[in-house]
Amino acid sequence: MKIKEKPKLEELPFATIVTEPGTSEYYKTGDWKTLKPVVDKSKCIKCANCYIYCPDNAYEEDKEGYFNPNYDYCKGCGICVIECPAHCIGFVEEETE
Amino acid sequence: MAKRTGIEVSLAIAEAVRQSEVDVVSAYPITPQTHIVERLAEMVADGELNASYITVESEHSALSACIGASLVGTRVFTSTSSQGLALMHEIMYLASSLRCPIVMALANRALSGPLSIWNDHSDVMGERDTGWISIFSNNGQEAYDLTFMAFKIGENKQVSLPVMINFDGFLLTHMIEPIFIFNDSEIKNYLTLYDPTYRLDPKNPVTMGSVGLPEIYTEAKKQQDLALRNSIKVINDTFKEFKERFGREYNAVETYRADDAEVVIVMQGSIFESIQIVVDEMRNEGYKVGAVELRLWRPFPFDDLKSSLKDKKAIVVLDRAMIPGGPQGPVLSEVRSSMYLDKKRPMIIGVLAGLGGRDILLSQYKEIFNMGYDALKTGNEPEMAKIIGLRE
Amino acid sequence: MSKILRPKEVFLNVFANKMVSRREYFARGHRACQGCGAALVLRLIFKEAGPNTIAVNATGCMEIISSPYPYTAWKIPWVHVAFENAAAVASGIEAAIKALKNKGKIPANEDINIIAIGGDGGTADIGIQALSGAFARWHKFLYVCYDNEAYMNTGVQGSSSTPLGASTTTTPAGKISIGQGNWKKNLPEIAVAHRIPYVATACPAYPLDLMRKVKKALNANGPSYIHILAVCPPGWGTPPELTIRISRMAVETGVFPLYEVENGRYCLSLDMPEGLRPIEDYITIQRRYRHLKKETISEIRNRVLKEYKRLQLLEKMDFEES
């Protein structure tokens, strides 16, 4: 992990200020989910509803304009599944290793 | 050339704030500090002080606004007393842990209940653990000078801590004293531009005040403690530089005829000057007495105090605040504990006096010195502090 | 005065979301619960506010989940001081920036947004003093209250923003109690009472409306206030996937009407030509309401309709304020 959760006294920044913006991205919340969204691109209308309604900003737009969930961050809440107007997102069980 | 002016101490402090070119004043009025905030408002209204004056709705918000302003990278001043200080207590800890060099002019006034507007030290004693630098002034000149030094000390990058300058309510705030007020040009370059490394700036986004998980809280507190302890060097250097530049001497521990004294009174605040009168009188009668003032309260000047007190025979610590149900006097308990490990130490006795603004008569100071002599005679160090003038 | 149509009516409206900016200032990896309404609220606000923003956050859910050292979800300068003083700290920041501009240390035309964020607890209860003071002093900043209708971060205790009949841990439904016994404190009205130039309510189920209101608020000539509904799945007892649907239902039933008050002029944001949805649609799916009897539901329905009617009347009134 690039970020130190247990710094030594000398390593602790001044007033515990975090100087790098957005370091939460080092923490992958993807392992929180039990069900995961799966997009059926054949039905997707590229409306961006899933992108805009995701509280975790887990959807990434690709070159073709489709939105793909980033499973590293998706917590499996299912909002996208419900809000998709084309009903093209399936909610399936996450495989456990 | 500084002019010797007859000026009310509160107004002198306001003048020091103006000459320090503060950027933001955020204060709530409370007796006896009102003249400071009123004068500052006047200065802003007349364009003499180019600062944002926030008429906050409580002391808690006053200090919160100070923190916000300080973190943007501006020079901030506030002032309060007693109940106001108690109300902002929660935020006092945050001001020091967020390392904001806020300067507070603290008019010492007794804490309620019963309600009292008169002078004692119970308000500042409640803030011992907050991590602020705390310095006492004994007269108007010192209050004026220390205000400049407070900004200098606090804004020093090795320090970056808030500073409170204590001065007795009414006994100093409302007194007209002869004070050498600097010309603007003399003092203009004393303070340099406040340039913090970290500030709230969209060009360089940082996160301040994150959640301190148990993994880092200990280290964070140690970091803060080290900063406060190490600031003693910066404080002493600032005092030294002030003397070289302007001729007036300040020390972490002030003494008056204490070098060869047998019995000394250890105290803080403006009563230092009254005690000096009694010391002179008693010296004329042949008693070897002296006075020691703990000017620097936080960080506690262990070394300087020890060197002033170690070869005395008896010291009487005069507290102007009470710790009920505990070690009675805060200064007493800290002085005692600072000398606990010494093989050879003077006898230490405690007295409480001047609570809630009650006058301490010169004869009572004599009584206090005599308590020191009694202790030497009987070899008895009473554990309880005696309350001088208690009518029972 | 802009009106937006219900998505059910105009399906094509669904593509409007596609036009939203792709910039993000509330990073992922934050520790909010699955389906957290408040996290989406913050994401949308800062997407609109942009990089030239300073955020002040009161203690609460959004502060805790976004800043556990050393992880921070913030890509803009952000400070957290204490629970009740977000508005006071924001006042200090605004005054400092003003002072720097007066002294020429930063350019006078530099526009830095200051957004203070607080939950309903840190705004309506413990933070009301600082909020009122900051509004009275007319600092130019935006205060956003994300209303999840209880002190969620500490375990769902009731606040004065908890609606009538809701069960929380300090206003629990019991043998002789219906849960929260008083009506919800009307924070937007308190903000309007200060006569600040812009007050609005918003809901993350209408993201573009929310973002439009944030933009308007940031351009207001004085303090502004936006009250945003934040559905909390664990606190309300709702499935996380229904967060947006429930938020939408809160608006459609009139429980959380969307409106703006610009310089005293009320304007409802939604046209409801078919009237309001029945309140049972909203109440019955939340576990915090499952104990409610018919009388309380009627009481809630009557009051919701009364409040909605009041807004409709206010909309018609012309206050001649500028």
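Author: Let us begin with pairing: two strands pair if DSSP finds at least two bridges between them. The model before us is predicted. In chain B, β6(B) and strand β13 (residues 296-298) pair in the antiparallel sense over two bridges, and B:S134 has B:R298 as its bridge partner in β13(B).

Reader: In which sense do β6(B) and β7(B) pair, and over how many bridges?

Author: Their pairing is parallel and comprises four bridges. B:F136 has B:N166 of β7(B) as its bridge partner. Between the two strands the chain passes through helix α7 (residues 140-155) of chain B, and this β-α-β crossover is right-handed.

Reader: How should I read the side chains of β6(B), and are its residues B:I133 to B:F136 buried or exposed?

Author: The general idea is that in a regular strand the side chains alternate between the two faces of the sheet. Here B:I133 and B:I135 point one way, B:S134 and B:F136 point the other way, and all are buried.

Reader: Into which domains is chain B divided, and what separation do their centres have?

Author: Domain 1 covers 3-246 and domain 2 covers 254-387; their centres, taken over C-alpha atoms, are separated by 28 Å. A contact here requires C-beta atoms, placed from the backbone, within 7 Å. By that criterion 26 residues of domain 1 of chain B are in contact with 19 residues of domain 2 of chain B. On the domain 1 side, two or more residues come from each of α6 (122-125), β6 (133-136), β7 (163-168) and α9 (214-246) of chain B. The most come from α9(B), with five residues. By class, that side has twelve nonpolar, ten polar and four charged residues.

Reader: Which residues of chain B does C:G92 contact, and why is C:G92 classed as buried?

Author: The cut-off for a buried residue is 20 or more other C-beta atoms within 10 Å of its own. C:G92 is buried because 34 other C-beta atoms lie within 10 Å. The residue sits in helix α3 (residues 86-102) of chain C. Leaving aside neighbours within four places in sequence, its contacts include B:V24, B:I54, B:S64 and B:G68.

Reader: Which strands of chains B and C are joined by bridges, and in what sense do they run?

Author: β9(B) and strand β2 (residues 78-80) of chain C run parallel and are joined by two bridges; B:T207 stands opposite C:W78. These strands belong to an open sheet of nine strands with mixed pairing, in the order β9(B)-β2(C)-β1(C)-β3(C)-β4(C)-β8(C)-β7(C)-β9(C)-β10(C). Its edge strands are β9 of chain B and β10 (265-268) of chain C, each pairing on one side only.

Reader: Which strands of that sheet does α3(C) touch, and what angle does its direction make with that of β3(C)?

Author: α3(C) packs on the sheet and touches β1 (53-57), β2, β3 (113-119) and β4 (142-147) of chain C, its direction making about 170° with that of β3(C). Helix α11 (residues 294-316) of chain C lies across β9 (259-262) and β10 of chain C, at about 125° to β10(C).

How values were computed: Residues numbered from 1 in each chain as written. Chains lettered and ligands numbered in written order. Predicted model: local features only at pLDDT ≥ 70, side-chain atom pairs only at ≥ 80, totals over all residues. Domains from an automatic or database assignment. Contact = placed C-beta atoms within 7 Å. Nonpolar A, V, L, I, M, F, W, Y, C, P; charged D, E, K, R; others polar. Buried ≥ 20, exposed ≤ 12 C-beta atoms within 10 Å, placed from the backbone. Right-handed = clockwise from strand over helix to strand, strands pointing away. Axes fitted to C-alpha atoms, helices over the stretch in contact; angles between N-to-C directions.
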